[in-house]
Amino acid sequence: MRLPASGPLLLPLTMGLAALATPAAAHRDVCRLDAPDVAHAGKGCEERWMDVNLRVNDLLTVGTHNSYKRAIPPADYRLITAYNPRLAQELDYAHKSITAQLDFGAREIEIDVVYDPQGGRYAHPMIAAQTQTALDPAWVRAMQRPGFKVQHVPDVDFRSHCITFKACLGMVRDWSRAHPRHAPVTILINAKDGKTLPGGTPLLSFDEAAFDALDAEVRAVLPPAQLLTPDDVQGRYATLREAVLHNNWPRLGAARGRILFALDEAPEKVALYRGHRSSLEGRVMFINTDEQSPAAAYLTLNRPVEDADRIARDVKAGFLVRTRADEGTWQARTNDIAHRDIALHSGAQSVSTDYLWADPRFAGGFTVSLPDHAASMCNPMRTAQRCGNLPVERVSKADWAKAQTAPIVWPATR
């Protein structure tokens, strides 16, 4: 039966709903979102205070380097070692799936792309022929399709958790939709071109058309509501740099559930991506550039010891900075936690690693993560003690358990 629009039956229901709503309303009223720090915001108001008082550049996260990478099989590794032993050791690491990394708390990932507009260019890796390795037919079919492919070193270190760029993006998109309150996720992009190994397939160069196609693939997978672009930061300022120096990064509450991209390349290549724009108008990605560029917002400074002063200066000025806790497997092999800890305390908002999980071959159990299952924390160089050591985002017990049990094929003992 249809209830009347008004009358005695509706009145008790209305009063009951009003009574239920009163505590929540009262709770909202007692939150002091203008408090100087989270400790004075009111009980239960910590997250709301952070959403209002923190901006995207006020965070600290851990991420992964070459996040798609799978282990090199023993036969391939022997060939690489014969060619270049040092290179072989530097390539000797692997990750769990991108989804598992995000579940574990990674909020920065890195993807290497090669340009393949016709499809099939990188479908026959030289090392697979040399080791007489039969390739998975599904892998070959995916490689034959036009579009950007994800590989570390084509012809040599080509195995990836997601074969195509769109597949990698789809993993992040789906995870993000299932976790709408996540801290912003940064995706670093390396656009691979130039020389390859002798006898390998030459890599196609990136030009403006290639970068237009790269932006188009991002927009084909991720809707505008999930993206955080340079235009969102620049706003009405004349340049992106000016907006950054005026701290115009979005507030955390507006940036939760969103994904930003940064093209991590040398000046010549990012200049092609920028083109004749004043800053990065209409582009999807931020670019790695110098502090004086009108397009300056993000910098890759991978040497936390040598670049310590520059990292601190740039972070205090408002720029986003990425650095590395380890490189080339060397810190993991020696359990060099001093270098890791310098990176984590450098001020850089993103600290990248190859070791969210310890490689069982190496003594010491070297890993990089934030404490207490935090996915994101307040950046102490920008927020001092205003956050009281509380996490901006903490990984749920269910996600952490999924990540811990997610499969991985570790590199073989060499």
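Modeller: A pocket here is an open set of points on a 1 Å grid over the protein atoms alone, with protein on both sides within 12 Å along at least five of seven lines, and its lining residues have an atom within 4 Å of a point. Its volume is the space filled by probe spheres set on the points, which are joined across faces, edges and corners. This is a predicted model, in which local features need pLDDT of at least 70 and side-chain atom pairs count only at pLDDT 80 or more, while totals for chains, interfaces and linings use all residues. Residues are numbered from 1 along each chain as its sequence is written, and side-chain values use heavy atoms, leaving out hydrogens and water.

Biologist: What volume does the largest pocket have?

Modeller: The largest pocket has a volume of about 490 Å³.Its lining comprises 26 residues, and those closest to the centre of the pocket are Arg70, Ala71, Arg159, Ser160 and His161.

Biologist: Is Thr329 buried or exposed?

Modeller: Thr329 sits in the loop between strand S8 (320–324) and helix H15 (330–334), where strands are DSSP runs of E with at least two residues and helices runs of H or I with at least four, numbered from the N terminus. Its phi is positive, about 75°, although Thr329 is not a glycine. With a relative accessible area of 0%, against a limit of under 20% for buried (exposed being over 50%, partly exposed in between, with a 1.4 Å probe and protein chains only), Thr329 is buried.

Biologist: In which helix is His339 found?

Modeller: His339 is buried, with a relative accessible area of 17%. The helix that holds His339 spans residues 337–344 and is H16.

Terms used: 1 Å grid on protein atoms, 1.4 Å probe; cavity = no way out; pocket = protein on both sides within 12 Å on 5 of 7 lines; lining within 4 Å.
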